[in-house]
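I opened this notebook to record what I looked up in a structure that was new to me. The entries follow the order in which I worked.

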Amino acid sequence: MRIEIPRESERFGAVSIHSVQKVLELDAGLQFQQNEAQTSQIIRRISYQQLHGIEKEMAVVVPMRGERIKLVQGVLCGIPNHCLVIIMSNSSRHPVDRFAIERDAFLRFSRFTDKRVVVVHQKDPALAAAFAAVGYAQILDPNTGLVRSGKAEGMIAATMLARLLQRKYIGFVDADNYFPGAVLEYVHEYAAGFALSNSTYAMTRIAWHSKPKIIEDGLFFAKWGRTSRSTNLLLNQLLAEYTGFETEIIKTGNAGEHALTMNLALKLRYSSGYSIEPYHYINLFEQFGGLEGTVLSKDLILQHVDVHQIESRNPHMHDTGKGDEHIDEMKYAAMQVIYQSPICPKKLKRQLRREIREMEEMEQVYAPVRYYDPLAELDDGAFRAALVERPYAEFFPPQPHLHVVPSPMLVDVEETVVLPPTPEAPLPTNGKP
Ligand code: GDD
């Protein structure tokens, strides 16, 4: 891959956010010859071997819920063979067991391609038992004892699996992408971001080049969606309040397509549903921004957190039939995590309170955001023990003295919701949940 270096970077404590980088060539050839050096100070050539070396240590997670199987097969087709794939499905099991149909199709795909594909249902009782065994009941629904629904919840569960599978990197691609070529590009770009970073705490986020829409009888290559426009503006406003300089550096506030080093993925705190991506930024600033009241780990003082934003070349074409309500829900969730953060400056908080009220007055009230603790301290031996009878356990690396839990059980859990410090003023809820 041939890619420009970032034109500028903003530093927020230990967090370096790099401006969007353009890709000049998707494939820029093989490894350097012995006497060949980088030819430019501003353009980096990342050899195929370098990308491959990173990708083979990467788990690519495909979160899905009720997507069309043919669409997801295209996504799987785009993921390089040397990556390990984790499909985290929350598709329905009743009255028709959609998940069973998906699993058959994906495992058949795995046999035909000789690719390692782990297919998991988010509501598998064994997964719930694994979280209960490590004291992470906050992710379980108290009514069912199973992992809660939500994209973020699926991603958190997949992160624990990727950790057990000893992956060094974890990338996410939505299951409803029409272009396998775009998926392949995203994975290469994830790897390129890591190749450019000299920190073991790094994140790559994709800024779509365009999102084509059919307008009248032609194609229009839109750049920004409504949610991204609003979230980026708010995150940049937050940065500007601290630095005193207006900025447009953040262009990937809602990037569903992103990847993290496992070191960083385990340290982050998460938020529920579609708020997970904007909250990445917020939590990076909360934990590693060096603000009053935060303690940077020694590791991070020596390193830093690198956020690379890479502009993809393929158009991003995904299932857009989810309607305006869905867009508003994502926008609302992003506003909530910024508003509720203890680092949200007063001025921005006032503005957000107004905007959230306006949405609520229009009857746009969505589920409250939940927060989940970092996964780093969880006992992976105990987590793994609860999953040992699952077919994908064959991919777990050998581990001596394993304590085996014979069969998964539904667990009786109490709800533990970890909330951030109380916001400055409670938000009106119009009596709705
Ligand atoms: N495992 C799991 N569990 N997956 C889910 C769930 C769930 O409860 N709910 C949704 N998904 C899957 C969908 O099947 C899809 O593959 C992916 O998560 C994204 O969900 P969509 O509902 O298709 O979201 P979107 O396309 O509107 O929004 C995407 O892009 C936004 C940026 O524009 C998402 O990735 C957002 O998170 C992102 O902010």
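Predicted model: local features only at pLDDT ≥ 70, side-chain atom pairs only at ≥ 80, totals over all residues.

**Entry: salt bridges**

How many salt bridges does the structure hold? I found eight.

I began with the pair of D380 and R163, which form a salt bridge with their closest N and O atoms 3.8 Å apart. This pair links distant parts of the chain, since D380 belongs to helix α13 (residues 380-385) and R163 to helix α5, 217 residues apart. R163 has 15% relative accessibility, so R163 counts as buried.

I turned next to D174 and K151, another salt bridge, where the closest N and O atoms are 3.6 Å apart. D174 sits in the loop between β9 (169-172) and α6 (180-196), while K151 sits in helix α5 (residues 151-164), so this contact ties together parts that are 23 residues apart in sequence. Both D174 and K151 are buried. I also recorded that K151 and D174 join E277 in a network of salt bridges.

R93 is partly exposed, with 31% relative accessibility. D97 is likewise partly exposed, at a relative accessible area of 26%.

**Entry: cysteines**

How many disulfides does a search of the whole structure find? The search returned zero.

A disulfide requires two cysteine sulfur atoms within 2.5 Å. The closest cysteine sulfur to that of C83 is in C77, 13 Å away, and this is too far for a bond. C83 itself is buried, at 0% relative accessibility. I checked C344 as well and found it buried, with a relative accessible area of 6%.

**Entry: surface patches**

Which residues gather in a patch of positive charge on the surface? I listed K346, K347, R350 and R354. Of R354 I noted the location, which is helix α12 (residues 346-361).

I then recorded a nonpolar patch on the surface, formed by I214, L219 and F221, with about 340 Å² of accessible area together. I214 is found in strand β11 (residues 211-215). With a relative accessible area of 65%, I214 is exposed, as the cut-off for that class is over 50%.

Where is Q31 found? I placed Q31 in the loop between β4 (21-25) and β5 (43-45). Its relative accessible area is 47%, so Q31 is partly exposed. Finally, I looked up the separation of Q31 and F245: their C-alpha atoms are separated by 41 Å, and the two residues are 214 residues apart along the chain.

Notes. Residues numbered from 1 in each chain as written. Heavy atoms only, no water. Buried < 20%, exposed > 50% of the residue type's maximum accessible area, 1.4 Å probe, protein only. Patch = residues over 30% accessible without salt bridge, like charges linked within 9 Å, V, L, I, M, F, W, Y side chains within 5 Å. Areas by Shrake-Rupley, 256 points an atom, 1.4 Å probe, with all protein chains shown as cover. Salt bridge = Lys/Arg side-chain N within 4 Å of Asp/Glu carboxyl O. Lys, Arg positive; Asp, Glu negative; His and termini not counted. Charge placed at Lys NZ, Arg CZ, Asp CG, Glu CD. Helix = DSSP H or I, 4+ residues; strand = E, 2+ residues; numbered from the N terminus.
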